[in-house]
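The sequence and the model are shown first.

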Amino acid sequence: MSLFIVNILDGLVTGLLLFMLCSGLTLIFSMMGVLNFAHASFYMLGAYFAYQISMFTGFWAGLIVAPIIVGVMGALIERYGLRRVHQYGHVPELIFTFGLALLIEEFVQFFWGRQQVPYNPPEALDFTAFAIAGNTFPAYKVFMIFMAIALFLVLLYILTRTRVGMTIQAALSYPETVQNLGHNVPMVFMGVFGVGTAMAGLAGVIAGPVMGTFPGMAFTLGAIVFVCIVVGGLGSLWGALVASLLIGWMQTFAASYNLRMEDLLIWLGFEKPTLMWESAWQDLWTLTLPQVGPILPYLFMVIVLVVRPQGLFGKRET
Amino acid sequence: MSTPSTNPLTAGTSRLVPLNHALPWIIAAVALFLLPVIFDSRAALTIMNQMAITIVFALAYNMLLGQGGMLSFGHAVYMGLGGFFSMHVLNWMSDDPWLPLPVLPIFGGFFGLLFAFLIGWFSTRRAGTTFAMISLGVGQLVASLSIIIVIFFGGEEGISGNRTDMLPFFGWDFGQQQEVYYLTAVWLLIAALGMYLYSRTPMGRLANAVRDNEERAEFLGYSQRNVRWISFCASGFFAGIAGALFAINFEILTEENLNLATSGSILLVTFLGGVGFFIGPIIGAIVFTLLQTVLSLHTEIWALYVGILFVATVMFFPFGLTGLLALHVMPWKLGKIGYLVKPYAKMAVPTLAFILSTAAVLEILFHARHAGRGDNEMTIYWWLTFDSHSPLPMIIGLVIAGVSAYALVKLAPGLKAAWDEATHMGEAGK
């Protein structure tokens with residue numbers, strides 16, 4: 001039971017982290033109709049910038065400065081890159097962001113090398129928050145949970161309660177009308193793109209010390225983020241939240257419960273082959289849950305798409 | 001059929017003149033036959049084989065992207081699965097062979113087709129972003145599965161085989177690199193011709209129609225989903241052939257043949273070449289393979305250059321290298337290509353200076369950051385040797401880059417004017 005609670009919390013950390021990326025991605029997608037393939041690359045940039053800053057000034061300055069730099073970079077890329085490619089259509093836009101993702105990975109390797117960099121949690125948070133029957137839970141993860149939730153409350157407040165948020169929501173559905181009312185819609189787009197990437201950057205800053213800061217971190221998480229978006233339903237913020245949490249828990253639980261296919265097969269009444277290495281089904285027999293864990297999100301995505309092509313919360317067939 | 005051809009080189013005259021259409025193919029066949037006679041070193045043969053495989057794969061990929069408007073981030077799966085299956089066929093036959101090696105690609109093709117059929121069933125329901133995301137997910141799924149399903153994929157080591165185990169083909173047992181080259185080249189011709197002819201069938205035209213306006217195609221009575229599905233299957237078939245050719249050439253397949261990096265690089269190749277033209281992927285594959293071979297010999301950060309080139313292509317030349325060449329067809333036909341020679345010659349020096357100096361700055365930066373302690377001396381462009389930690393070379397590089405960039409900006413209006421003149425159907429026009 002205690003392991004269960006720790007897993008729930010761990011899964012929550014992963015899920016919220018995924019949602020920090022998914023929310024920005026979804027906002028950008030519903031606004032511009034383009035799925036930013038490089039979104040996870042901004043997450044990686046956040047982690048690397050924060051690492052570089054933390055070498056000079058410590059963790060906390062990086063927490064504030066790195067997302068701002070990432071956001072400004074994102075806004076500039078939208079203004080001078082994406083807007084240019086936009087005229088060619090959606091597929092070239094997607095290809096552009098894919099190229100950007102490749103390029104950012106190469107730049108990160110160019111500056112910081114191929115190895116993982118030693119980006120660590122701050123000493124102030126380097127203690128055990130609590131322990132449930134021997135299973136410890138670090139304070140840094142508590143901090144991550146609170147950071148993520150605080151960010152969403154702020155975002156929710158801005159989107160639903162402020163004038164800026166109203167303009168953004170209006171520009172989501174009727175950009176021309178909003179433009180005619182005298183708002184600078186391209187500016188709004190640039191701002192949303194900047195804020196979305198800054199959120200991804202912030203996610204990178206707080207996730208870097210736990211998940212590791214290495215050049216592959218963008219593609220490792222990025223693919224999962226896209227799965228969340230598709231499973232939740234493209235453009236649906238609630239869908240993204242549900243899918244992120246589901247996938248976060250799915251991965252955490254799969255990693256910590258060592259269920260074996262062997263037991264299941266024996267329980268079902270199959271006979272274990274005596275010479276395992278000669279059996280055609282050897283892979284099925286030796287399968288364990290932690291082994292399958294990494295592919296579960298993709299499997300989940302395929303199943304959801306077959307059963308419900310518009311995603312869990314998608315309104316129209318995507 | 002009054003539909004304009006997608007191939008600018010074979011476009012024009014009526015379809016009743018077969019020679020005009022057959023000529024590029026005859027030239028290609030002769031070139032493929034003669035190439036190993038001119039470049040007969042082992043390394044050259046390896047590069048040419050790799051090029052041929054990439055061409056088949058890129059052409060298959062362009063059936064989706066260029067002809068069908070479907071952007072896939074997981075097309076390596078069909079090539080990889082075709083390759084894995086061919087390798088198994090090869091190994092099953094090794095004890096008691098009853099087929100010669102040249103038929104192996106057919107097995108790869110049908111296995112690729114089978115999987116494209118299964119996965120296309122749910123992934124081709126929608127085009128655009130959704131299709132792209134599903135292809136990514138499926139690609140990741142298969143790549144991760146390849147580590148788990150050891151019996152088919154061989155786990156981390158992959159699977160390997162020996163191509164000489166199959167029956168000899170007219171005395172050839174394909175132990176020689178050159179024999180493998182001719183096998184690959186013949187299959188390249190067959191596959192390319194097949195894909196070209198496919199693009200001319202009503203089915204190939206329908207793929208274009210669905211790409212351009214899926215709703216209209218639907219109202220004309222064609223199921224957009226089925227059209228995409230069939231294109232997807234055809235593409236999977238030819239990707240599988242490419243996979244089998246890979247299996248024959250390298251005799252080993254691993255997870256690397258299925259993963260996102262491979263899928264991404266074929267997108268790169270195809271887009272660099274130009275997605276709107278049949279020969280685009282061919283040019284892309286040739287240029288990319290050469291670029292990769294040459295650059296990776298001389299610099300550690302070649303992937304960075306390729307990335308920059310790719311992003312620049314997407315931003316400034318969305319029709320790729322072939323598109324850039326095709327732009328010159330009109331001045332050529334108008335007989336005004338001479339107008340462009342002078343401005344191009346003027347631009348050549350600053351362009352070269354800009355590229356070389358930017359690359360030099362990047363190399364210096366990379367060397368300064370990553371070279372071992374005490375290893376301060378570096379050499380670029382074969383004869384320039386200096387201390388990478390001193391600021392002077394960096395400053396010189398930046399200054400040259402700045403000056404040449406300024407010169408390019410200053411020269412751009414001249415080129416624009418010459419271009420307008422050259423494409424203007426004025427006095428010298430038809």
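## Terms and source

Two residues are in contact if their C-beta atoms, placed from the backbone, lie within 7 Å. This is a predicted model, in which local features need pLDDT of at least 70, side-chain atom pairs count only at pLDDT 80 or more, and totals for chains, interfaces and linings use all residues. Residues are numbered from 1 along each chain as its sequence is written, while chains are lettered from A and ligands numbered from 1 in the order in which they are written.

## The surroundings of B:Ser94

B:Ser94 lies in the loop between helix H3 (76-93) and helix H4 (104-123) of chain B; helices are DSSP runs of H or I with at least four residues, numbered from the N terminus. Apart from neighbours within four places in sequence, B:Ser94 is in contact with B:Asn162 and B:Asp165. The C-alpha atoms of B:Ser94 and B:Asn162 are 8.0 Å apart, although 68 residues separate the two along the chain.

B:Ser94 counts as partly exposed because it has 14 C-beta neighbours inside 10 Å. A residue is buried with 20 or more other C-beta atoms within 10 Å of its own, exposed with 12 or fewer, and partly exposed in between.

## Helices of chains A and B

The axes of helix H9 (residues 217-232) of chain A and helix H5 (residues 128-148) of chain B come within 10 Å and cross at roughly 130°. Axes are lines fitted to C-alpha atoms, for helices over the stretch in contact, and angles run from 0 to 180 degrees between N-to-C directions. Residues of H9(A) that meet H5(B) include A:Phe226 and A:Val230.

Conventions
Helix = DSSP H or I, 4+ residues; strand = E, 2+ residues; numbered from the N terminus.
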